[in-house]
Amino acid sequence: MQDTSKQYDAVVAKCRALFVNKMSDYGSAWRILRLPSLTDQIFIKAQRIRGLQQNSVRKVDEGEVSEFIGIINYCIMALIQLEKGVVDQPDLNPDEASELYDDKIAVTKQLMLDKNHDYGEAWRDMRVSSLTDLILQKLLRVKQIEDNAGKTIVSEGIDANYQDMINYAIFAMIHLNEAD
């Protein structure tokens, strides 16, 4: 049986490395983004993945993996924004941002481990296209919650949806890595 925890960590290491490198290039300019803007960025990535899965012709030489990495990193940014709030000027240095990244991914990984235990790793029998559809569904839910000023009656909040999207994207990347 595969070691999900190690596979998860390998995907996260790749995503984190890109996040850290982009922090070196751009700083924390993303800290000015409001949650709906981050949600829209994630939506664009998920729509592109769906398009790649449905279309036989690709006009841009980037595949699904880079888009799933983008989803993961934008979701982490959104979770940081939920905690810290939006700012008018970048305010995090790379070390601070990396520490926040690590905190958010640790909580999200624990959620995955708990759900994986209860669901018996059902995601391993799912298709990458189904994981993509679930991410899009979560995005539509987040957009609705945002349109409701963050209020829900009986549903999970925005943070849980971002965490689920991270985990679905990591599962998809594990599947894609296994297919190679």
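Trainee: Leaving aside its neighbours within four places in sequence, with which residues is F68 in contact?

Mentor: The model is a predicted one, in which local features need pLDDT of at least 70 and side-chain atom pairs count only at pLDDT 80 or more, while totals for chains, interfaces and linings use all residues. Residues are numbered from 1 along each chain as its sequence is written, and side-chain values use heavy atoms, with hydrogens and water left out.

With those sequence neighbours set aside, F68 is in contact (heavy atoms within 4.5 Å) with I49, V128, T132, I135, A169, A172, M173 and L176. F68 also belongs to the largest nonpolar core, a set of 48 residues. Such a core consists of buried Ala, Val, Leu, Ile, Met, Phe, Trp, Tyr and Cys residues joined through side-chain atoms within 4.5 Å; buried means under 20% relative accessible area, exposed over 50% and partly exposed in between, with a 1.4 Å probe and protein chains only. The residues with the most contacts inside this core are F68, I71, I72, I135, Y162 and I166. The elements that give two or more residues to the core are α1 (4-26), α2 (35-54), α3 (64-84), α4 (94-119), α5 (128-147) and α6 (158-179). Helices (H or I, at least four residues) and strands (E, at least two) are DSSP runs, numbered from the N terminus. Of these elements, α6 gives the most to the core, with twelve residues.

F19 counts as buried because its relative accessibility is 3%, and Y101 counts as buried because its value is 0%.
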